[in-house]
Amino acid sequence: MSYLHTHWRDVDAWRKEGLPLSTTSNEAAKMFDASLTQRVTRMLQADPDFVMGHVLASFCLPGHVKHSDVAQLLATENNLTDREMLHVKASKELAAGFALKHNTMTRQCLETRTLYQEFINRGKVFGPLDSTSSHMPLSYYCCRNMIKAQAMWDDILIAYPRDILALKMLSNHSIFVGPKDLLRDSVARVFPHWKQEIPLYGYLFGMHAFGLEETNFYREAEKEARKGLELIPTDTWATHALAHVMEMEGRQDEGIEFMSKTVENWKPCESLACHNFWHWALYYIEKGDYEAALNVYDTEMAPRFKVSKVFTLRDGSSLLYRLKLEGVDVGDRWQQLCQYWESHANDHLMAFSDTHMLMSTLGAKNEDLTMKLLDSLRKYVRDGSGYNCEVSRAVGLAICEAFVEADKGDFDKAVSILKPLRYKVDLIGGSRAQRDVYELFLINAAMHSHRKEDHQFARCLIAEKKAKKDNAPLTDRLMAQAWRKEGLLLSTTSNEAAKMFDASLTQVVAHLDYDSVGGLQNSITRMLEADPDFAMGHVLASILEVKNSMDVAQSLASKGKLNDREMLHFNAAKALAAGYLFGMYAFGLEETNFYQEAEKQARKGLELIPKDTWATHALAHVMEMEGRQDEGIEFMSKTVENWKPCESLACHNFWHWALYYIEKGDYEAALNIYDTEMLPRFKASATFPLTDGSSLLYRLKFEGVDVGDRWQQLCQYWESHADDHFLAFNDSHMLMSTLGAKNEDLTMKLLESLRKYVRDGSGANCEISRTVGLAICEAFVEADKGNFDKAVALLKPLRYKVDLMGGSRAQAWRKEGLPLSTTSNEAAKMFDASLTQVVAHLEDDSVGGLQNSITRMLQADPDFVMGHVLASTCLFDIKHSDAAPLRAPKTDLTHRELLHLSAAKELEAGIQPLLSVHDTINCCCRNVPKAQDIWDDIVMAYPTDILALKMLSDYSTFYGPKERVRDSVARVFPHWKQDAPYLFGLYAFGLEETNFYREAEKQARKGLELVPKDTGATHALAHVMEMEGRQDEGIKFMSETIENWKPCESLTCHNFWHWALYHIEKGEYEAALDIYDSEMLPRFKASNVFPLTDGSSLLYRVQLEGVDVGDRWQQLCQFWESHADEHFLAFNDSHMLMTTLGAKNEALTMKLLDSLRKYESKKEQSSVDGQTHGTSSCSSNGIECKMVVYENMNFKLTSPILLLARTQQKETLNELIFDANTWQLLAAGLFYLVFSASYDLHAFPSRRVY
């Protein structure tokens, strides 16, 4: 900085930088440089006709509309460079956006030469406007044209990448308007053109760091910020960016230390000092140190408040409101702050400011000012126009009204207003840290609502916050409040103990170790240290086998230290401590194939209670399933005296023992156990041992062993059960016995009774008997007759349904709290099979694939509503007539199913037949956002509903917002156990799409550890490697795992596309095309658009690289032909157009464009809500038309239009923009500017800089 203070650039220095100025005054040029650095105004005294000086003044001094007008007048009289003219135009756009609301001075007056001369005569220097003056008060203006100004600054930077004024203006305004990617990319693209010796170079790092932080690249942001601070320790913006990183990563102590050590470097900066102190205070609020936060407010922030500096007032409102939400009394601070806000009730310059003013008026209990602000805002929303008016209309006014309702105590209404807008709040602008106050408000309102579903919503939001920031004491406090709100009171007065109880419980449920609390063991220790008499804490500790905790809990319980709910937990913990639950848990684990964990739990139970027969039984199962016969025989022999006395399980355990011998071929030993231990335990009144006997003898029959008269003996016990039909399992085992005993009369009696039961009966077991039970019995009879062909024909189709005999899938859904409106076990099972294939991206051959399993499901129960819901949301090739029950349900539905039905109806309402193509209804989706909101509600109320979660994730991938892909999964994790591994892949993709690459990779690899064939997790990890530029690692990963994901039809082609992208990135075009030819092309089908978009994208990328793809375009185009009239996704339309253009198919190109224009025209005439995605699809027409212009080499026309929206497009469109710019600039002879076109490629090491 010392160099800059004595070496401001003169006219010649600016010219040498390639940025000539329209002044001959060195003093003006130097003061322009100084103004850029520190914003002073001496330059206009040096040269009143200095156009860029007036431009700078109009940008940097609030309310100086007149400087823009003067700049425009001067521009007509001076020869300005193209760059300066663009700056003047940007200034004009901003000035045009300040619409005068009162007629005290018109813009026409400012544009007269007379007034201009008057300003010159007054000294040619314009001081700040007095906002209280009647001359031109700031409250008369509203910003409209900021977006156009941004586009112009963008254009300047592409042509003049060292123009720091354009860069700073674009960066500053992008905080509140437009995509946050622009904050990052606008700086990234200019870096190659800067060198360290260029003045102001060091400031680029802080600007870039903030853009990276706002797009979740925390690691890179910290790196850039620290580099900037090394170069310029007083760079307040770099300090600010690093403060943001520490806030977002929950590094409160580190943040406090950093701000304290550097305060003298950034405190002198008037424009950011108050805001940085706000960040400092946030760290204290997060830690719960409210006095320290208020001390920062009183000593550092409040003295900086000024009527003319709204951005400082916003910081004050935000800080006090956060403290209010924490229950802190801030005294008269609200009244003091409100005085500064009084003159801004009619501004409406930014919706963000309006909401913060309202916080202040409500806090100060200033009803008059509150009503004045609201009335003015409502009038503005009703009559105004421009970008900020649209934002106010979409979210600003609603947020204000929600605040007012909450202030009245109507939290229900506040939640109803704000809940549908939670993914739109980012429209209001500001940083993520600044917008967090809105989320905190919504959580607080939801917790205070009278509605139970709002309480669930609050807990979901809290879970989402915790997933994004682990070390978050404020979030932990919110969770503790949620516990209290639910009536889950804890027997402790220590907040620390309650927080550590919550932290410990969360880690247990989520199978996690939170580093922020030192892991599970440490959080338990801290909990009991905070309150040694916390009975519920000791209960939890005893469950986790902490030494002496059960004894302490017993003592506290005897003293009446536990409430009723806690006593129930204590009794359960006693049972667990007694050891019996381990055996039960072990059996559940074994039955779901977790053999290693099952053995661990069983042995733990046997250590505590050697006579626990259930634990013995579970371990016997494990050894049977793992083929450990000798070990099993030894185990049963050594422990027999422990479990033999148990009447209910002894026979069954002997059966297991005998099975080991049969497996080894030692039939005599097996029969010896049958004769000596099992037969004596048979009773006519107990069928359980009888099924063991039938099973054992039948197995021996299969082995060709003559069992003598044992069948006859056993059959006598079965005689009285021919009409029971209590379990289909029992019926089949009785039949084994009657057939073995050759008792034809009893066999016929059983079969006739069973047939009558199947024909006339009802209930779950009757369904099982109808589906499989009777068929199994009839197959046994046919085999006994020697008719094995018929037996096989009967049983073969049922081989995957036999598990129904041991408890139906419908029962399993009910046990999971997700009952289904069908009595058909076949329908329930096929629903499960279909859903599993959808979630896992699989085609399960055992059920004939997804399409066949859905068909079988609806054949089994045509009135199965959830079956039709699944079909309508997952398969668009099922005609609406198939889903008739959706419109006229014949069964009583649960609340969850009704919500699913509503979501399906929203989608159905948005699907309109256009033209018939093959068997597919061509459609346009309109009501996706409504369906997304309904799925969101389902997931909040029923967090284990994987259908709602999958649909929400899939549709949010294309319709946004991407945060929803991430947060929808994050919130449900605590409710799932480790038997839902596919969640990790879903979560990983959501994390990757919101730039959390490190965490995404962690979650994807965790999913692949559990299920190596999880194609979704593979896909997410492929994305991470693509985004981080790890091409070689990506190629290796895809190659090594190919056999795991290649069988997945729905994602295989897409994963091959990712593989090919790595080769394109490396410049290995032949390898990429080889993947296209050998793996992608064979998977193309006219009926499946998804792979076609991959093909179009790949060929277009290769073509942009200058590679001739031969006749591949023509081949691909044939598959696209039938989709010209669909317009289901604008994404699809643009990719089809790439193909028709590549194939030089003018007829199909025109057909697509004509259809698209017609579609847009129809949409304009419709009364559908503007937020619908039909409108979104239509709006893409402009982009596709520009692509046609591009193909016809009209690069000059193409580039500017696409640049306006480029940060919202996919990478293929970014490359299109690059190529258009390249040719345009080459034609102008400006080859070096090609670097500018790779605007977002310099930001990451993966991107080649051309």
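## Basis

Residues are numbered from 1 along each chain as its sequence is written, and side-chain values use heavy atoms, with hydrogens and water left out. Because the model is predicted, local features need pLDDT of at least 70 and side-chain atom pairs count only at pLDDT 80 or more, while totals for chains, interfaces and linings use all residues.

## Helix H55

Helix H55 covers residues 1015-1027; helices are DSSP runs (H or I, at least four residues) numbered from the N terminus. At 1.5 Å a residue its 13 residues should span 18 Å, and the end C-alpha atoms are 18 Å apart, which agrees; the expected span is 1.5 Å times one less than the number of residues.

Of the 13 residues of H55, 12 are buried, where buried means under 20% relative accessible area, exposed over 50% and partly exposed in between (1.4 Å probe, protein chains only). Among the buried residues are His1019, His1023 and Glu1026. The buried residues of H55 pack against helices H46, H53, H54, H56 and H57, contact being heavy atoms within 4.5 Å. Just after H55, Gly1029 takes a positive phi of about 70°.

Phe726 lies in the loop between helix H40 (710-718) and helix H41 (728-740), and it counts as exposed because its relative accessibility is 65%.

Ala669, by contrast, is buried, with a relative accessible area of 18%, and its place is in helix H38 (residues 667-678). Ala669 and Leu659 are 10 residues apart in sequence and 9.9 Å apart in space, C-alpha to C-alpha.

Key
Helices (H or I, at least four residues) and strands (E, at least two) are DSSP runs, numbered from the N terminus.
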